[in-house]
Amino acid sequence: MSIESNWCGCTKCHAGYGWKDENFDFTDMANVDCLVCHDTTGRYSKKKNKCGYPDKGIDLAQIAGSVGPPGRGNCGACHWYGGGGDNFKHGDLSSEFLNPSRSFDVHMGGEDFSCQECHATDQHRIAGSSTTSAVSEGSVSCLDCHDESPHDDASPLLKQLNGHCQSIACQTCHIPTFARKKFTLTSRDFSKGAKENKILEQSENKIVVQGKLGITVKEKALRPTYAWYNGKHHRYLKGDTIKTSGVTALNSPVGSIKDPLARITPYKLVKSRQPMDSENRILIVPHLTGKDGFMATGDWKLAAEKGMKAAKLPFSGKVDFVETVMYWRLNHGVVPKEESLSCLDCHSPSGVMDFKALGYKQDPAGGGARFEK
Ligand code: HEC
Ligand code: HEC
Ligand code: HEC
Ligand code: HEC
Ligand code: HEC
Ligand code: HEC
Ligand code: HEC
């Protein structure tokens with residue numbers, strides 16, 4: 001999926017006034033929407049209008065008269081609603097962060113942190129690298145503020161935790177669950193589109209819906225998937241050929257049990273069946289929005305012809321579906337220390353961590369740490 005050929009529907013968040021085709025001028029400062037981040041009235045909105053312009057009928061003069069540093073809601077207007085709804089994309093970025101309790105997030109609740117308190121911003125370079133879009137303007141880390149060994153060394157038990165930090169990311173213990181209150185997207189089968197929306201399954205923590213874009217599964221109250229991560233992700237880039245016949249990972253983390261730089265890190269995984277050009281074996285950039293877009297026509301071939309042209313990619317005319325998985329790192333929703341994962345949450349037969357999948361022969365509390373002889 002990509003922005004090309006879908007400009008007007010997508011550019012309310014993929015920012016720029018009037019970004020409607022490939023001729024958009026990214027160097028023109030006048031195209032930067034300042035109010036989306038600097039409005040403090042909460043009345044600025046681009047929900048209903050198109051191509052990155054603000055909605056009609058809002059008092060821009062009044063809003064421009066009350067600008068200020070961005071609040072969480074300003075950043076959230078884009079980051080909470082990506083992927084089609086509140087919390088859908090990340091699972092740890094939702095409107096719950098507008099006014100969270102301390103138990104939901106110790107920093108944004110307890111300490112009332114703004115986003116840029118951690119995402120330090122200098123000359124509009126917002127630090128923090130994403131798991132998917134690699135445009136990094138510097139990284140953000142828990143260690144920007146906390147000590148590498150933050151746990152009480154005087155206590156024999158808590159001292160153990162400091163040793164664990166060599167192999168386990170802070171987030172793993174301090175963000176034990178995600179999508180605690182709102183549903184998040186966990187899988188989407190684009191091959192099963194239907195004209196009418198239909199609920200196929202519904203329970204307290206899971207909902208399966210069929211609609212125009214296929215069958216989607218949303219879940220909540222989830223445990224992360226744990227993986228070794230050394231600070232880098234592999235990436236499938238637009239136009240890359242799909243080599244494997246199984247599941248294609250679009251951005252899996254780099255690292256392994258043998259890599260001293262890698263830490264066990266929490267992720268949300270999203271599984272998809274998505275369209276590819278079955279002859280060239282490249283993922284299709286479909287034209288989704290507008291009258292002739294997939295959402296209106298339900299025709300993948302047509303959507304592919306138009307989208308691939310805009311993306312300047314070849315298209316053989318043949319569409320098939322391929323299984324993919326995306327990784328989303330979890331960084332938000334740090335719970336109070338009492339609710340963090342502790343010894344028995346991991347070191348017990350029903351523990352949250354699949355030690356074998358991570359490369360250990362057995363529970364390391366009995367079998368030893370990775371670099372012990
Ligand atoms: C409500 C705001 C919003 C809208 C509307 C939106 N996006 Fe995004 N999108 C985002 C944000 C924010 C990111 C950056 C990812 C993040 O939150 O870390 C993003 C990232 C992406 C990415 C890279 C990561 C990924 O999820 O694969 C793609 C591709 C993408 N958007 C495609 C689209 C397309 C295509 C459309 C229009 C059909 C669209 N977006 C509409 C907010 C939005
Ligand atoms: C993506 C969000 C975003 C957009 C868009 C944005 N800003 Fe900012 N701006 C920020 C953040 C974050 C800060 C740092 C605030 C802080 O330190 O608390 C900032 C700071 C500022 C400051 C204070 C001085 C400085 O540079 O730190 C000014 C003035 C400013 N912005 C003006 C603008 C103007 C004019 C535009 C449009 C051309 C704009 N901003 C667009 C996020 C944004
Ligand atoms: C108008 C919509 C919008 C607003 C408002 C917005 N963002 Fe973003 N942000 C995006 C999109 C879209 C991307 C993905 C950019 C790309 O891949 O080209 C992004 C990317 C990011 C990234 C990842 C960048 C990287 O280098 O990998 C961070 C971190 C981020 N934004 C934080 C913030 C913060 C903090 C604020 C508030 C001060 C904010 N954003 C406001 C749309 C927005
Ligand atoms: C307590 C600190 C903290 C606060 C507060 C915070 N973040 Fe983050 N955020 C992080 C860290 C750490 C990362 C990982 C960044 C990195 O590796 O460089 C991150 C990553 C991100 C990413 C990239 C996600 C991905 O993996 O694709 C986005 C987008 C983002 N934050 C947006 C926000 C927004 C919006 C807010 C405010 C509602 C916010 N953050 C508040 C610490 C914070
Ligand atoms: C911008 C600075 C900053 C960043 C970045 C930051 N923290 Fe904090 N953190 C604080 C402050 C301030 C407090 C509250 C005072 C204290 O307890 O030290 C706090 C408190 C905590 C607590 C104690 C909660 C309790 O119950 O007492 C934990 C745990 C924690 N942070 C974990 C993290 C993790 C994990 C990350 C990375 C995702 C992180 N912090 C990123 C500043 C930060
Ligand atoms: C193996 C799990 C684990 C890892 C990894 C971990 N922590 Fe903790 N952390 C805990 C537990 C459990 C507590 C509560 C300890 C207690 O009972 O006081 C805690 C407590 C804390 C506190 C509160 C300390 C106090 O004395 O009030 C902070 C701050 C903190 N951790 C930050 C971090 C940071 C930063 C990292 C990464 C460098 C990290 N933790 C890694 C499990 C972990
Ligand atoms: C998030 C899951 C998790 C939590 C919570 C956790 N551990 Fe571990 N523990 C691990 C992993 C993973 C290793 C292997 C670390 C390595 O390979 O370096 C390990 C290793 C060990 C080891 C063997 C290596 C050594 O350092 O001697 C002992 C003993 C141990 N843990 C005890 C504890 C105790 C006691 C606590 C609570 C204070 C605790 N663990 C909390 C996951 C966890």
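## Accessibility of an iron ligand

Buried means under 20% relative accessible area, exposed over 50%, and partly exposed in between, with a 1.4 Å probe and protein chains only. His119 has a relative accessible area of 23% and is therefore partly exposed.

The model is predicted, and local features need pLDDT of at least 70, side-chain atom pairs count only at pLDDT 80 or more, and totals for chains, interfaces and linings use all residues. Residues are numbered from 1 along each chain as its sequence is written, chains are lettered from A and ligands numbered from 1 in the order in which they are written, and side-chain values use heavy atoms, without hydrogens and water.

## Iron site of ligand 4

His119 and His332 coordinate the iron atom of ligand 4 through NE2, at 2.0 Å; donors are N, O and S atoms within 2.8 Å of the metal (3.2 Å for Na, K and Ca). His119 lies in the loop between helix H6 (115-118) and strand E1 (121-122), and His332, 213 residues apart from it, in the loop between strand E11 (319-329) and helix H11 (343-346). Helices (H or I, at least four residues) and strands (E, at least two) are DSSP runs, numbered from the N terminus.

## Surroundings of ligand 6

Ligand 6 is surrounded by 17 residues, each with a heavy atom within 4 Å of the ligand. The closest are His151, Cys170, Cys173, His174 and Lys337. Helix H7 (156-164) and helix H8 (170-174) each contribute at least two residues to this shell.
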